[in-house]
Amino acid sequence: MTVKNHNQKYLQFRREYPFFEYQSYSFIIRNDQLIIKYSFNLSNKVEFTPIIKIPLKPFHILDSLSNSDIDNFIFHIGMVELVSYWKTACSPIVIIPHELDSEQIKWWKKLYFLGLGEFFYVNGISADIESFMTIESKGSHLSPSNRELNSNKVLVPVGGGKDSVVSLEVLRTSHIDIIPMILNPREASINTIETAGYSMGDSQIIYRTIDERLLELNKQGFLNGHTPFSALLAFVGALSCLMSGLSYIALSNESSANESTVPDSKINHQYSKSFEFESDFNWYVKKYLNNDISYFSLLRPVNELQIAKLFSGFTQYHNSFRSCNVGSKTDSWCGKCPKCLFTYIMLSPFIQEDKLIELFGKNLYSDINLVDILDELTGKAEVKPFECVGTPDEVMAAIHV
């Protein structure tokens, strides 16, 4: 990972763009979809209008919900969505359209700061949690929903990788009622739910559209980098629970997500998949959104090797699962990135070599171009890859099995 020296650019942008305003949000039901629109303003110089669309399904219960119930949840999704746009200039003041109490402001500053830990590190930005952002909230205070939710069903986010396959299969074979949830469906996630016996019609589907102006600013040299995407997934999941009348969101985050990417620091690519965030989110959602919602990771007690062993037994998914971010648009394994090599290594003790070569298109152990990535994965290099990968101990154990 190349670390840039963008600290002066960071300071310059903060002077040129002194505030970022979360101006408004709106939602309507049109063409059997809940359409959510956000309006963000970068110092009266750039406006962003990201959109989220949720197709309505027979299991939704919107007719029995009040506008104030939905309003609060949608506002909170915008609180996570805004960080993707704020990071372009890192404005020192963020203006919020509803009143937040002191505990909420402290909570959001922690999420933003730790969730952007990789962003600050990779850009060479010197920032601290006290001064990187001041949150100014105004307007009305939103109250939690007292809607009673059903504890007999569980919402399971599905990304198309081995982890969500294991969660689906463990819950499904335990005869627990499941509603799969997919954000921006791709071939691997669709194949996963269909292999498990579900359909797009049975599932909670969310379409998130990024404002093109963000991509334009990235091309112009504004600041860019990793944001806490799983936190967005958490708040979208909370809205999905409200819409579907469910209590539980079952994630597929394993124990290794707790380990910092940069040793002896709080910089963790997977911060919003960590148990720390999970605990913080549970506290927040129960206090400020709905006390019946519980957010947990089914796989938190197990490690990557145990997950790989379980997955190896679900052979029906082997040809269709994907974990490669580089190949996500083409539904393929690129065979060149940390995710590909890590997944290959984890599965190598449990799946025959010829089958692995068939799945990945080559023997990744014999690719000399992956030596540097292997050093990062095994802890020989100073820093792990900034990807959702396991610990060096888990990698070394898999290699030596």
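These legends describe close-up views of a predicted model.

The model is predicted: local features need pLDDT of at least 70, side-chain atom pairs count only at pLDDT 80 or more, and totals for chains, interfaces and linings use all residues. Residues are numbered from 1 along each chain as its sequence is written, and side-chain values use heavy atoms, with hydrogens and water left out.

**View 1. Helices H13 and H14 pack against each other.**
Helix H13 covers residues 371-378. Helix H14 covers residues 392-400. Helices here are DSSP runs of H or I with at least four residues, strands are runs of E with at least two, and both are numbered from the N terminus. The two helices pack at an angle of about 115°, and their axes lie 7 Å apart. Axes are lines fitted to C-alpha atoms, for helices over the stretch in contact; angles run from 0 to 180 degrees between N-to-C directions. From H13 come Leu374, Leu377 and Thr378; they meet Pro392, Val395, Met396 and Ile399 of H14. Contact means heavy atoms within 4.5 Å. The contact residues divide into 6 nonpolar, 1 polar and no charged. In this count Ala, Val, Leu, Ile, Met, Phe, Trp, Tyr, Cys and Pro are nonpolar, Asp, Glu, Lys and Arg are charged, and the others, Gly among them, are polar.

**View 2. Met396 belongs to a nonpolar surface patch.**
Tyr365, Met396 and Ile399 make this patch of about 240 Å². Patches are made of residues with over 30% relative accessible area and no salt bridge; like charges are joined within 9 Å, nonpolar side chains (Val, Leu, Ile, Met, Phe, Trp, Tyr) within 5 Å. Areas come from the Shrake-Rupley method with a 1.4 Å probe, and for residues only the protein chains shown count as cover. Met396 is found in H14. Its relative accessible area is 32%, so Met396 counts as partly exposed. Buried means under 20% relative accessible area, exposed over 50%, and partly exposed in between (1.4 Å probe, protein chains only).

**View 3. Asp280 and Lys110 form a salt bridge.**
The closest N and O atoms are 2.8 Å apart. A salt bridge is a side-chain nitrogen of Lys or Arg within 4 Å of a carboxyl oxygen of Asp or Glu. This pair links distant parts of the chain, 170 residues apart. Asp280 sits in helix H9 (residues 275-288), Lys110 in helix H3 (residues 102-115). Asp280 is buried, at 17% relative accessible area. Lys110 is partly exposed, at 25%. Both residues join Lys266 and Glu276 in a network of salt bridges. The structure holds 15 salt bridges.

**View 4. Glu304 pairs with Lys162.**
The closest N and O atoms of this salt bridge are 2.9 Å apart. The partners come from distant parts of the chain, 142 residues apart: Glu304 in helix H10 (residues 304-312), Lys162 in helix H5 (residues 162-172). Both are buried. Glu304 has a relative accessible area of 2%. Leaving out residues up to four places away in sequence, Glu304 touches Lys162, Asp163, Glu254, Ser256, Phe342, Met346, Gly390 and Glu394. Asn258 is 46 residues away along the chain, and its C-alpha atom is 12 Å from that of Glu304.

**View 5. Asp331 and Arg322 form a buried salt bridge.**
Here the closest N and O atoms are 3.9 Å apart. Both residues are buried.

**View 6. Ala234 lies in helix H8.**
Helix H8 covers residues 229-244. Ala234 is buried, at 1% relative accessible area. Its contacts include Ile249, Phe277, Phe281 and Tyr295, not counting residues up to four places away in sequence. Asn282 is 48 residues from Ala234 in sequence, and the two C-alpha atoms are 9.8 Å apart.

**View 7. Asn290 is a buried loop residue.**
Its loop runs between H9 and strand S11 (294-297). The relative accessible area of Asn290 is 1%. Asn290 touches Phe73, Ser145, Asn146, Arg147, Leu149 and Val285, with residues up to four places away in sequence not counted.

**View 8. Asn44 and Cys90 have positive phi values.**
Neither residue is a glycine. Phi is near 60° in Asn44 and about 55° in Cys90. Asn44 lies in the loop between strand S2 (33-42) and strand S3 (46-48). Cys90 lies in the loop between helix H2 (67-86) and strand S5 (93-96). Asn44 is exposed, at 62% relative accessibility. Cys90 is buried, at 0%.
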